[in-house]
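Please keep the sequence and the model in view while reading.

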Amino acid sequence: MELHQLVNTLGQDLKYRYGERVHKLTLHGGFSCPNRDGTLGRGGCTFCNVASFADEQAQHGSVSQQLQQRAKEVDRARRYLAYFQAYTSTYDEVTRLKALYEQALARENMVGLCVGTRPDCVPQAVLALLADYHQQGFEVWLELGLQTAHDKTLKRINRGHDVAVYEAVTQQARALGIKVCTHLIVGLPGEDLAAHQQTIDRVVSVGADGVKLHPLHIVEGSTMAKAWRAGRQFAMSLDDYVRSATMMIQRTPPEVVYHRVSASARPPTLLAPLWCENRWLAMTAIANQLDSSGAQGAALGRPFMPR
């Protein structure tokens with residue numbers, strides 16, 4: 001059975017609501033990150049590729065140019081969501097954010113906006129801006145990088161914020177009609193199956209409209225890469241990832257939309273685990289496990305049923 005028959009995936013959710021395929025077009029807004037530029041800290045999170053920070057200074061095309069190029073790469077969709085993905089996409093003056101977001105929303109056949117950011121970089125002015133787009137009829141997703149619901153782990157990975165900040169902004173955003181997608185990393189140092197269960201249960205209890213799961217990637221240029229080379233950091237096995245991801249999905253209410261259940265990277269950036277070179281390995285294994293043990297929401301007694 002295919003994944004979308006067992007999980008409430010974003011692709012199928014959008015297709016059901018809009019009557020046709022809707023594709024996310026990824027954009028680079030030239031944003032920085034307060035955990036790297038000295039405002040909050042330096043060096044970034046321990047899993048982050050610090051070497052790629054120089055990319056922020058690289059020249060990128062305008063939002064319109066990027067959208068035109070991305071749309072050419074998509075041949076199976078005629079409607080789009082603009083996805084500001086790179087770095088902290090709310091970390092700037094509201095006037096500049098408004099200009100960038102509105103360039104994206106001005107494109108023909110654009111149904112909405114997705115903004116990736118940190119929970120501690122979403123002030124009231126940004127929430128008001130996003131809420132205004134929602135009121136205009138656009139679909140708006142605030143994608144928050146929580147990573148884990150354990151403050152001890154957040155401190156260990158030098159994240160720079162705690163879970164309380166995430167909880168507060170999630171509740172504020174949802175009260176304004178802004179959808180929240182929570183990003184979680186599975187396999188962070190010191191965490192096991194029980195810790196992953198506690199994380200998904202807390203996210204569900206706070207309230208989230210979407211979830212995105214990532215296996216921990218150990219990448220070149222990160223603090224974790226140094227620990228991995230020294231034998232102090234271990235990469236998660238595919239079996240362990242599938243076990244945790246399946247459990248988390250089964251403990252998620254069926255109405256919550258999964259934007260992603262795995263992710264991939266490639267050498268030489270990717271050091272470990274090498275199974276992350278092919279995201280389909282995990283996706284297929286998760287689908288098989290869900291098929292045999294129960295779909296999304298099964299652990300809550302409310303298994304997902306395809307529409």
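## A buried threonine in a strand

With a relative accessibility of 7%, Thr 117 counts as buried, a term that here means under 20% relative accessible area, whereas exposed means over 50% and partly exposed anything in between, computed with a 1.4 Å probe on protein chains only. Thr 117 belongs to strand β3, residues 110–117; strands (E, at least two residues) and helices (H or I, at least four) are DSSP runs numbered from the N terminus. Leaving out residues up to four places away in sequence, Thr 117 touches Thr 88, Ser 89, Thr 90, Val 122, Leu 142, Glu 143, Leu 144 and Gly 145, where contact means heavy atoms within 4.5 Å.

## Basis of the values

The model is predicted, so that local features need pLDDT of at least 70 and side-chain atom pairs count only at pLDDT 80 or more, while totals for chains, interfaces and linings use all residues. Residues are numbered from 1 along each chain as its sequence is written, and side-chain values use heavy atoms, with hydrogens and water left out.

## Backbone exceptions

Most residues other than glycine have a negative phi, and most peptide bonds are trans. Asn 109, in the loop between α3 and β3, has a positive phi near 70° and is partly exposed at a relative accessible area of 40%. Gln 147, which is found in strand β4 (residues 139–147), also has a positive phi, of about 80°, but Gln 147 counts as buried at 9% relative accessibility.

Pro 268 is placed in the loop between β8 and β9 (270–272), and Pro 273 in the loop between β9 and α10.

Helix α9, residues 238–250, has 13 residues and spans 18 Å from its first C-alpha to its last, close to the 18 Å expected when 1.5 Å is multiplied by one less than the number of residues. Its buried residues, among them Tyr 241, Val 242, Met 247 and Met 248, pack against β5 (179–186), α7 (193–206), β6 (210–215), β8 (257–260) and α10 (279–293).

The axes of α9 and α10 are 9 Å apart and meet at an angle of about 50°, the axes being lines fitted to C-alpha atoms over the stretch in contact and the angles running from 0 to 180 degrees between N-to-C directions. The two helices are therefore oblique to each other, since angles under 35 degrees count as roughly parallel, over 145 as roughly antiparallel, 65 to 115 as roughly perpendicular and the rest as oblique. The residues of this contact divide into ten nonpolar, four polar and no charged; Ala, Val, Leu, Ile, Met, Phe, Trp, Tyr, Cys and Pro count as nonpolar, Asp, Glu, Lys and Arg as charged, and the others, Gly among them, as polar.

## Helices α2 and α3

Helix α2 (residues 63–72) and helix α3 (residues 94–105) have axes that come within 9 Å and cross at roughly 35°. Here Val 63, Ser 64 and Leu 67 of α2 meet Leu 100, Gln 103 and Ala 104 of α3, and the residues of the contact divide into four nonpolar, two polar and no charged.
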